[in-house]
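Q: I'm new to this one. Can you walk me through it?

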Amino acid sequence: MTEPPKEKKDAHPHHRISFPGLHLGGSKASKEQPQNPYASLDWKIESPPAVMHGDPENSTGALVSGQLLLDVKEEDGLEVEKFEGHLDIHVIQKRPFAGHCQSCSNQVTQLKTWTFLSEPTLLSKRIHEFPFSVLLDGHLPASTDNSIVAIRYDFTAEATPKTGPAIKIAKTIDVKRSVQVPEIPHHSIRIFPPTNIAASVHFTQVIHPVSTNTFNLRLDGIVKHNPDAKSVEYWKLKRLSWKLEENMETVAPACDKHAPKDAETGLPTKKGAKRTDARTIAHADMHSGWKSDYSPSGCIEMEIQCALPPSAKAACDIKSRDGTEVTHQLVVEMVVVQEYAPTAHPKHITPTGVARILRMHFGVVVTERAGLGVSWDNEAPPIYQDVPPSPPSYSCDVPYESVEDLTLARQSQDIGSRAQSPAYEEHPPFPLSPDGH
Ligand SMILES: [Zn+2]
């Protein structure tokens, strides 16, 4: 579907920006409910944890199914006028378009509604079960909570009795995504002109939030014979540092009140502000740990363990249609210094005074472990008749005006990092592999 999402009017009553319930998954209530003495409402999820298998383009989505349990405690039964429920995708902007505006901070899009009872019904004293199910389309973003945006799936149901307060339930469904880890590590070769150095790396492109991943590196072209000058030049590796960067971005849409008005129609325009943040979730600085061979066809080899401890709190990669994105890249930086020796006296090694920083960027995907889970279409959970043949899609392809030029942003980043290391000449790597930056 291409129409913009319907924003619900009840997005306004949310008064908190952080929701502790987001972390609790589907098993605990996210809000306190007023008590109704005559009946209570609970739920029982029967489907496996909601995991989207595969990337947004190819995933068949996640099926959530369960029962609502309406426990009527009154001996004479309870007359219920209606009983309805809905599932919303709730985006919470941490840096909203207009600060302190609840409408700018909360975007709520209804994914599914249920009518369990549409007309007044007398329910006897017992637990009444109302099945529900929803197929979450594979392109929908996983639940997330980072410094600029949170995405959660809010399930609410409400039974309206003829007398007394409404009987409500509010839960969050934790939606995860698991992208398959390739069995063979990715191989990439980077060269660093004007040196002859070539880096051959093997690394895991898809990693898990808590994991240790091996990065194999070999540097060739570190020995160069100059027959005319009767000398040999060497590149010595002095330092290697790596870091795993987490980049977050989202578009904080303006609510109708805060959106600039169209000059001709006077209607609010679709406008949003790009929000970005970045952090380093793991890093290491190494001054040794590699094998160096300075024979004529010598090379430097090393195996690096890139550990992501639980304290890193790595967020999984996300790309949603409303502009929210979480990506990761591994940045490897090597300091090499040049030395030379006369061919006749190979032991008389002298520094030439030239040093360089060799920098490489590798895109990596952080994803949930698939565990024992399999895609919903490969198993047989309970499916109720209300599973829609074509699930609702959360579409937000709004042409926001204030989106920055990514090319410019990247250039300015490069200039910034170059300014931090004035001691060395620096040559950005020239990527040979299609994944290069
Ligand atoms: Zn606003």
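Q: Is H100 buried or exposed?
A: This is a predicted model. In it, H100 has 81% relative accessibility. The cut-off for exposed is over 50%, so H100 counts as exposed.

Q: Where is H100 in the chain?
A: H100 is in the loop between β4 (78-93) and α1 (102-105).

Q: What about the phi of H100?
A: Phi of H100 is positive, about 65 degrees, although H100 is not a glycine.

Q: And what is phi of K313 near?
A: Phi of K313 is near 45 degrees. That is a positive value, and K313 is a residue other than glycine. K313 is exposed too, with a relative accessible area of 63%. Its place is the loop between β20 (300-308) and β21 (318-319).

Q: New topic, peptide bonds. Which form does the one from P193 to P194 take, cis or trans?
A: The bond is cis, with omega near 10 degrees. P194 is in the loop between β12 (186-191) and β13 (198-203).

Q: Now strands. How many residues of β3 are buried?
A: In β3 (residues 62-72), 10 of the 11 residues are buried. So the rest of the structure largely encloses the strand.

Q: How many bridges join β1 to β3?
A: Seven bridges join β1 (residues 39-45) to β3, and the two run antiparallel.

Key:
Residues numbered from 1 in each chain as written. Predicted model: local features only at pLDDT ≥ 70, side-chain atom pairs only at ≥ 80, totals over all residues. Heavy atoms only, no water. Helix = DSSP H or I, 4+ residues; strand = E, 2+ residues; numbered from the N terminus. Buried < 20%, exposed > 50% of the residue type's maximum accessible area, 1.4 Å probe, protein only. Pairing = 2+ DSSP bridges.
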